[in-house]
Amino acid sequence: MPNWIPFDGTAEQEKNYSVLTSTDGEVILEVPTDSVRVDNSRVEVAVGSSARIRKAPSTASCERPELTTSFFGPEECPRDYPHWGCYAFIAICCAGGKIIGGCIGYYPCP
């Protein structure tokens, strides 16, 4: 059973994936529908699933993002490119798009 983390925004289903849009409209992600759950207005995403970044600002809101909930750590990102970004409280590996946990701050993939 997966661990779930909150996403700061809304979810809309399109075909076999869900489009997640952040509350401020600055971040748009595609996540497999079976990796998203919605309860009233709360959107949650399964850790370990994958995400594709459709839209994200190019400037960071912080010097370094901070993992708040780490079910997988940055070591789960590919060794040849171990960087991760923080998008609407979701920590995502820059290579491959694996969701590794929750985070604070906005920090795009380099």
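Me: Why is the disulfide of Cys86 and Cys103 called right-handed?
Reply: Look at the torsion about its S-S bond: for Cys86 and Cys103 that is about 100°, so the disulfide is right-handed. The pair links distant parts of the chain, with Cys86 in strand 9 and Cys103 in strand 11 (residues 99–104), 17 residues apart. One thing to keep in mind: this is a predicted model, where local features need pLDDT of at least 70 and side-chain atom pairs count only at pLDDT 80 or more, while totals for chains, interfaces and linings use all residues. Residues are numbered from 1 along each chain as its sequence is written, and side-chain values use heavy atoms, with hydrogens and water left out.

Me: What makes Cys86 and Cys103 count as buried?
Reply: Buried means under 20% relative accessible area, exposed means over 50%, and partly exposed is in between (1.4 Å probe, protein chains only). Cys86 has a relative accessible area of 0%, so it is buried. Cys103 comes out at 1%, so it counts as buried too.

Me: How many disulfides turn up in the whole structure?
Reply: A search finds three. Besides the pair above, one joins Cys77 to Cys93, with an S to S distance of 2.1 Å.

Me: Why does the pair of Cys77 and Cys93 tie together separate parts?
Reply: Cys77 lies in the loop between strand 8 (66–70) and strand 9 (84–87), while Cys93 is in strand 10 (residues 90–93), so the parts they tie together are 16 residues apart in sequence. The S-S torsion of Cys77 and Cys93 is about -85°, so this disulfide is left-handed. Cys77 is buried, and so is Cys93.

Me: What about the bond of Cys94 and Cys109: left-handed or right-handed?
Reply: Left-handed, because the torsion about the S-S bond of Cys94 and Cys109 is about -95°. This pair ties together parts that are 15 residues apart in sequence, because Cys94 lies in the loop between strand 10 and strand 11 and Cys109 in the segment after strand 11. The sulfur atoms of Cys94 and Cys109 are 2.1 Å apart.

Me: Why are Cys94 and Cys109 called partly exposed?
Reply: Cys94 has a relative accessible area of 23%, so it is partly exposed. Cys109 also has 23%, so it gets that label as well. If you number the bonded cysteines in sequence order, the pairing reads 1-3, 2-5, 4-6.

Me: How many helices and strands does the chain have?
Reply: Zero helices and eleven strands. Both are DSSP runs numbered from the N terminus: helices are H or I with at least four residues, strands are E with at least two.

Me: What makes the chain as compact as a globular protein of its length?
Reply: The radius of gyration is 13 Å, close to the 13 Å that the globule rule gives for 110 residues, so the chain is as compact as a globular protein of that length. The radius is taken over C-alpha atoms, and the rule is 2.2 Å times the number of residues to the power 0.38. Those C-alpha atoms fill a box of roughly 35 × 30 × 25 Å along the principal axes. Of the 110 residues, 38% count as buried.

Me: Why is Lys15 called exposed?
Reply: Its relative accessible area is 75%, so Lys15 is exposed. Lys15 sits in the loop between strand 2 (9–14) and strand 3 (17–22). Lys15 also has a positive phi of about 55°, although it is not a glycine.

Me: And Ala88, buried or exposed?
Reply: Buried, because the relative accessible area of Ala88 is 15%. Ala88 is in the loop between strand 9 and strand 10. Phi of Ala88 is near 50°, again a positive value in a residue other than glycine.

Me: What makes Glu75 count as exposed?
Reply: Its relative accessibility is 62%, so Glu75 counts as exposed. Find Glu75 in the loop between strand 8 and strand 9. From Glu75 to Asn3 it is 72 residues in sequence and 18 Å in space, C-alpha to C-alpha.

Notes
A disulfide is a pair of cysteine sulfur atoms within 2.5 Å.
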